[in-house]
Amino acid sequence: MTVVPRWPALLLLAAVAIGLALVPVFGETYAIKVATRMIVFAIFAMSLDLLLGYTGLVSFGHAAFFGLAAYTLQIYSPEYEAVNIALALPVVIGVTAFVGALIGALVVRTSGIYFIMVTLAFAQMMFYFFHDSQIAGGSDGAYIWVKPVLAVGETILIDFEDRATLLWFALGLMLAVYGLLIMLLRSPFGQVIQGIKVNEHRMRALGYDTYRYKLVSYVISAAVASLAGFVYACIDGYISPELLGWKESGIGLAMVILGGMGTLFGPIVGAVAFIGVEELARERELVGFLADHFQIIMGCFVIAVVLMLRNGLAGSLGGAPRAKPDPVETEVPGGEKP
Amino acid sequence: MSDPVLATRGVSKSFGGLHAVRDVTLDFHTGQVDVVIGPNGAGKTTLINLLSGDLPPSAGRIAFRGRDITTMPPHRISQLGIGRSYQRTNIFPEFTCMRNVWLAAQSRMRSSMRFIRPAHHRKDVAARAERAIDLAGLSHRADTVAATVSHGEQRQLEVAMLLATEPEVLLLDEPLAGMGPEETANIVALINRLKATHCVVLIEHDMDAVFAVADRLTVMVNGTVLETGTPDQIRESQTVREAYLGDEMI
Amino acid sequence: MDLTLLLIQLLNGVQYGLLLFLIASGLTIVFGIMGVINLAHGSFYMVGAYLAWSLTAWTGSIFWALLLGVPLAAMLGLLVERLFIVHLYNRDHLQQVLLTFGLILIFNEMQSIIWGDDPHSVPKPDFLQFSIPLTEVQSYPAYNLFLAAVCLVLAGVMYWVVQKTRLGMRIRAGSSNPEMIQALGINTKVLFATVFSIGTTMAALAGLLAAPERSVYPGIGEQVLIISFVVVVIGGIGSIKGAFVGAMMIGLMDSLGATILRAFDDVELMSGLSVDNLTSVTVYALMAAILLWRPAGLYGRAH
C-alpha cells in the first residue's frame, strides 16, 4: 500500500548522507562544491521522480523550474547585501510553484509523447525569455554578489558564504525532501497519483478528477525542484540561462533512470553517481584529450545506462521501496517506518 | 411506477459512418435488474459507455434522477453514484487486489487532496474496501498482485472495485465472462441481493444467468432497441425470435 | 511598415516554413511509423550543415556538397538506426528520449572535435550570388528563392511518394495503425531502417541546403530540433499534413511576428524587458494557444 523503503535502502541513504556531510571536514573547496552539486541534483532528481516514477508524467523541461528558482533568488537579492533566507526561500518556492501551476495547467492536458515535447517547448520558451531579455544579464548570466544568510534580527545563524554551511543546509534540505515525499506518497493523494500512473482511465472511471491530481503533483514537483535551484544559485553565486536548458532537463532524467525510477531513493544514488562519473570524465589524467570533450563520455554513459540498467542502481542494490501489499496489514503497530 | 433513476432519450452514437447506437430511449429503475442482450456489435457496450460518460453521445440526452448528465465527464458521473465494470478487464495489474479495491473505495472520500496522514489510517475506506472484496468473494486474494490472479478472479476484482465505490446504479458489462460456475452463481446471487436497493444494468451472454436475474430484458440489434419487456414477453416475442434469439437459445 | 518589407518577411516566412517542413516531416514520420521519438533528429541537420561547409570548401560548390553529402547522411542514419535505435522499438518514450539525448551529446562533441567550435559561412554558388531588386533600396537574395523552390519540389516529391508509391502506402498504413504493418507481413526491420534513414536524411538535406543562407555554428541542431517539436506538436504527431500546416504557421509567425514586435523595440514592459525581446517566445505562445484548443494538435488523433 505505501512506499516503505527497505532497511538496506535506509542504511545506504544514511551512509551517503554521512559521507556527504563529512566532505567539508576532509575535503578542499573543490570537493565541497562537487558534493553540494551532488546534493542539489539529488533534490532535483527526486522532484522529477515524483512525476516520472509516481505520476507517470515524463517531463523533459523540468530544468525550467530549477533555473527559474535560481533566477528568482538572483533578482530578489539586493545587490550589496545578503538576502535573508527566511524571506527568500518562500519567495523562490512561491514564484516557481506559481509558474509551475500556469504551465502545468496547460501541459497536463496533454499526455504521452505530447507531454514530453510540450514540457520541452515551454522550458525552451522560458530559456529564451531570460536569454533574450536584459533581465538578470540576458545571455551573459548574472551574479549573486552577496550570498544569502539566515538572520534573526541582527544575529546571523546561517551564512551561505561558508561552503560547509551551504553543504550541510543542502543536505538537511535533501533529507527533508525525502521524508516529505515519502509522507506524500503514503497519503491518500499519493495513492491517487500512483493509481494514475498505472491506469489513468480507470481512475477517472472510479470518480477521480485525474487532471487536478496530476496538476497538483506537477506543481509540488516544480516547488521541490525550486529548492534545488535555490541552493545551486548559492554554490557559485552565478546563474545563466543554461540552467533552464534542455540539457539540464535531460541530465535530470538520466539521473532518475540511473538510480532507479519510482524508488525516490534511487534518484539520490543516481545524482551522486552521475556527478561522480562527470567529475571522472573531466579528469585529464584519466581520459586524456577527451577531458575537453567529456560530454562524449557522458553521452556514452547515458546510452549504456538506458541499454543495460533497466531497473537502475537502486533496483540492483535492493534499495527499491516495495509496495506494501495490503493497507490492513500495514496497520500493524510499528510495522513500518517512513 | 416511480420516476426512473437513469433515463435515456433518443441517444445515438456514431463513429464516422458507423452508427453504433441509434435512437435509444430507455428508463432504468431501482429495484430492478435490466439486462441488455443482443449479438456482438449490437451496440451494448457502447450504450454502457454512453451511460458512464466514457463516450459522449452524438445525439440525445441522458438524465440521472432528472438531472441532465449527457455531457458530464466520467469522473463526475461516477461521483453521482453511477458505477461500471468493464468487459475487458480494466484494473491496476501491478497492484495487489486489495490495493485495487482500496483505490476504488478511496474515491468516495470527500476529496483525496489529503497530503499528510497515511492513506491506510482511513478506517472508513478500509472498511468499505474490505466489504467490497468480501462481497465479490475475493478476500483470499487480497494480498496477491492483480496481474497474477486468474482471469476469473480478475473479473471478480472488477466487480469488487465497482462495489467499493458504493454506486446507486451498477452498469455491469459482461461481468460473468470468464468466471467459473461457482463464481457465476456467487455473482448472480449477489446481483439478486443488490437489486432491492440498486438499479442494475447488465450486459450478459450467459442465458441461464440472464434469466436468473432479469426483471426486464432489452434486446439490441444493430444499435437499436428491438424490444423491451419481461423475460417471458421476450421469450414469446416473434420479432425477437426471428431477429436474434433463433432456435438455439430457447 | 511598408508593403515591400511585408512581402520580404512573407517570403522569408514561407521559405523558413518550407525548410521546417522538410525537417519536421522526417521527425513525424519516424514517430508515426516506428513509435520512436528521436531527439537526435536535429543533430542530423547539424551534420548536414557542417558537411555543406567542409564539402563545399573541398569541392568548391554547394552542388557537389549536396551530391556527396546526401548519401553520407543516409549512411550515417542507417548506422545510427542499426547501432542504437534498433534497441528502442517497443521501449517506452522515456528510454527513447534518454538514449537519443545521449546521442546528441556525442554528436555535439564529435562536431567540436572534427569541425571545431567557430562559426562558419558557406559560399553561395556564383550564379545565385545576386539579389532580385524589389525597390530601389530593397532586394531579395536569389539563393533564398532557390532554397524555397527546392523545398517545395521536395515536398511535392514526398507527397507523391507517400500517396502513390508502395513505400508510401506502407508509411500511410503504418502511421495510422502501426499494428497493420505486422498484420500485412511487411518486413519491419527493413521498413524501419529505411524510414529512419529517409527521415534523418531529410533533416541533413535541410541542413545542407540552408547552410549557405543561415551559416554554420555549434548548437544549430538543438535549435532546429526544438522548433521542429513545436511544429510537430501543432500539426499533430504522425501527421505529415499537420507537419506542413504547422511548419508554415511557425515560419510565418517567426518572420512576421518578429517584424511586428521589432517595431515596438522602444516599448519597455519592465526594466530590462522590451517587447522585441519576446520574439522567440511568440512561437511557443502560438503552440500553447493551439494546445488549449486541441490537445492532440491540429491533425492528431486524440488518445
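Buried area is taken here as the accessible area, for a 1.4 Å probe, that two parts lose on being put together, summed over both. In the predicted model, the area buried between chain B and chain A is about 3300 Å², and carbon and sulfur atoms give 61% of that area. To this contact chain B brings 40 residues and chain A brings 36 residues.

Across the interface of chain B and chain A, 23 residue pairs are in polar contact, both partners being at pLDDT 80 or more, and 1 salt bridge is found. The salt bridge is formed by B:Glu158 with A:Arg202, whose closest N and O atoms are 3.2 Å apart. On the side of chain B that touches chain A, at least two residues are supplied by each of helix 2 (74-80), helix 3 (97-106), helix 4 (123-135) and helix 5 (151-164) of chain B, with helix 3 giving the most, namely 6 residues. The residues on this side of chain B comprise 18 nonpolar, 11 polar and 11 charged.

Chain B also contains an open sheet of 4 strands, which are arranged in the order 2-1-4-5 with antiparallel pairing. Strand 2 (18-28) and strand 5 (67-68) of chain B form the edges, each pairing on one side only. Strand 4 (residues 59-64) of chain B is joined to strand 5 of chain B by 2 bridges, and B:Ala63 stands opposite B:Asp68 of strand 5. Helix 1 (residues 44-52) of chain B packs on the sheet, where it touches strand 1 (6-15), strand 2 and strand 4 of chain B, and the direction of helix 1 makes about 60 degrees with that of strand 2 of chain B.

Methods
Residues are numbered from 1 along each chain as its sequence is written. Chains are lettered from A and ligands numbered from 1 in the order in which they are written. This is a predicted model: local features need pLDDT of at least 70, side-chain atom pairs count only at pLDDT 80 or more; totals for chains, interfaces and linings use all residues. Side-chain values use heavy atoms; hydrogens and water are left out. Two strands pair if DSSP finds at least two bridges between them. Contact means heavy atoms within 4.5 Å. Axes are lines fitted to C-alpha atoms, for helices over the stretch in contact, and angles run from 0 to 180 degrees between N-to-C directions. A salt bridge is a side-chain nitrogen of Lys or Arg within 4 Å of a carboxyl oxygen of Asp or Glu. A polar contact is a pair of N or O atoms within 3.5 Å; within protein, one must be able to donate a hydrogen and the other to accept it, and residues adjacent in sequence count only if both atoms are side-chain atoms. Ala, Val, Leu, Ile, Met, Phe, Trp, Tyr, Cys and Pro count as nonpolar, Asp, Glu, Lys and Arg as charged, and the others, Gly among them, as polar.
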